[in-house]
Amino acid sequence: MHTDLRSGMLRNLHGRAILHDRAGRGGRERGASVSLVDYAVIGLLVLTSTVMGTVLILLGHFVRPRKPTPAKLQPYESGVPDVNPPRGRITPRFYLVALLFVVFDVEAIFLYPWAVAFDVLALYGYLQAALFVGILLIGLLYEWRKGALEWV
Amino acid sequence: MDWQRLLVSYFVGFVLLNVLLGLMAYMTWFERRVLARMQHRVGPNRTGPFGLLQPIADGIKLLAKEDIVPANADRLVFLVAPLLSFALAPLGAAVIPFGETLHLFGLEIPLLVADINVAVLYVLALGSIGVYGIILGGYASGNRYSLLGALRSTAQVISYELVLGLSLVGVFILAGSLSLQDILREQQRALVIGPLTLPNWYILSQPLAFALFLIAAVAETNRAPFDLPEAETELVAGYFTEYSGFRFSFYFLAEYINMIVVSLLAATLFLGGIDGPFVDGVWWLALKALFFLFFYVWLRATLPRFRYDQLMGLAWKVLLPLALLNIGLTGLVRLWGIGAL
């Protein structure tokens, strides 16, 4: 697959224009309008829900009591005085999970555009994706055998 | 920029935001009533007819409770984190189509707030950002249980998010698009198998993906049997142990809104969303989403909680390979279907 520089149109291996191929299959418009309005609306909604939450908290300020005592402000520990530092050591397994996640999440993100252009890329694209997933799968099997997936 | 469209869409979005908050309140009522029936109890029935005023009473009570900030908490982060969870939760619904375009007062009112062409990716991204509310809140509390709950939650959510994301690749292959509008349109075509004519809903052509999506969605929303982050028998209440009053309820709100959004998404992706005869699409969507919400409650009443190693093992050793298998098989069938094999 390559981009024809003169027409700026995406073409597949056989030189067929992708847009033409798409229209031929479903006969419908795809991604006809990529408009900033939709993203602007989402931006406004983020602001709105944040403001709504803040207003709710501020509203409660007038009705709720506020009587802090030293005992009340202790971290909860079933009534036992807390001796260990609360943010102490944590198991490195979480770190391992995070590493694995990054590898496979990137894989998922690479597979999305491939899935959307699946019909155009056809067999060649499928084999490429299979190679890509296959390499990562070998990695997963290696981690499995090394015990990185065991949570004991 | 098209100001009129912006205003109309924003108005629809604003209404949707408020409807979601109302629905969420009644989701708590629904859950308590159904759960009670399943356990041979009656459930809340004193506040108003059938206990219908119970969510309002709960809301007022939470609003009037003291907002405690523990002495060794990271104050600013502690105060902001629940707001982050709450503010992001309802936004996923903005890309879900609720029906055909309405014509009112000479205006075109789309029953879809934001028609973006990467809708599904956007919803998944919101889910990822939602984790910040949990981990920041758990870290800032200065409590061991909170920190452990937050870390568990993060590891669980990111593992299952992977399954969630990969289970949908099969749907994208069939629909050829990440836009929920396109995915819906594709599902409105007829699927003819021999003498049968069925709707082309993806639950029929992607049953494995549907099962994976459902399991991962329950884990992603931290609900039973995957409610490890707040496992009360080991972690008191997990990441919101130190929260009280309305800040606590923000996490609660976020969890229930997430459930509603995920149910709407599942209905749209796999059950044809607004597709259905006789009545308007929005009722069909509501019915399908209600089924998933009932399913959530049903699961909670039926299954005990997973052990943490079982939970992580399930995601990485069972669901992830199955999701990849589903992609491979769907790809093969599609290749055969378009005559490229």
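Tutor: Let us begin with B:Arg223, whose charged end sits over the ring of B:Tyr256, 5.5 Å from its centre. The model is predicted, with local features needing pLDDT of at least 70 and side-chain atom pairs pLDDT 80 or more, while totals for chains, interfaces and linings use all residues. Side-chain values use heavy atoms, without hydrogens and water.

Student: What makes a charge sit over a ring?

Tutor: NZ of Lys or CZ of Arg must be within 6 Å of the ring centre and within 35 degrees of the ring normal. For B:Arg223 and B:Tyr256 the distance is 5.5 Å.

Student: Why is the aromatic pair of B:Phe86 and B:Phe250 called stacked?

Tutor: Rings of Phe, Tyr and Trp (its six-membered ring) pair if their centres lie within 6.5 Å; planes under 30 degrees apart count as stacked, over 60 as edge-to-face and the rest as tilted. B:Phe86 and B:Phe250 are 4.6 Å apart centre to centre, with 10° between the planes, so the pair is stacked. B:Phe86 belongs to helix 3 and B:Phe250 to helix 11 of chain B, so the pair ties together parts 164 residues apart in sequence.

Student: Why does B:Phe86 count as buried?

Tutor: Buried means under 20% relative accessible area (exposed is over 50%, partly exposed in between; 1.4 Å probe, protein chains only). B:Phe86 has 2% relative accessibility, so B:Phe86 counts as buried. B:Phe250, at 1%, is buried too.

Student: What makes the pair of B:Phe210 and B:Phe270 edge-to-face?

Tutor: Their ring centres are 5.3 Å apart and their planes at 65°, so the pair is edge-to-face.

Definitions and conventions. Residues numbered from 1 in each chain as written. Chains lettered and ligands numbered in written order. Helix = DSSP H or I, 4+ residues; strand = E, 2+ residues; numbered from the N terminus.
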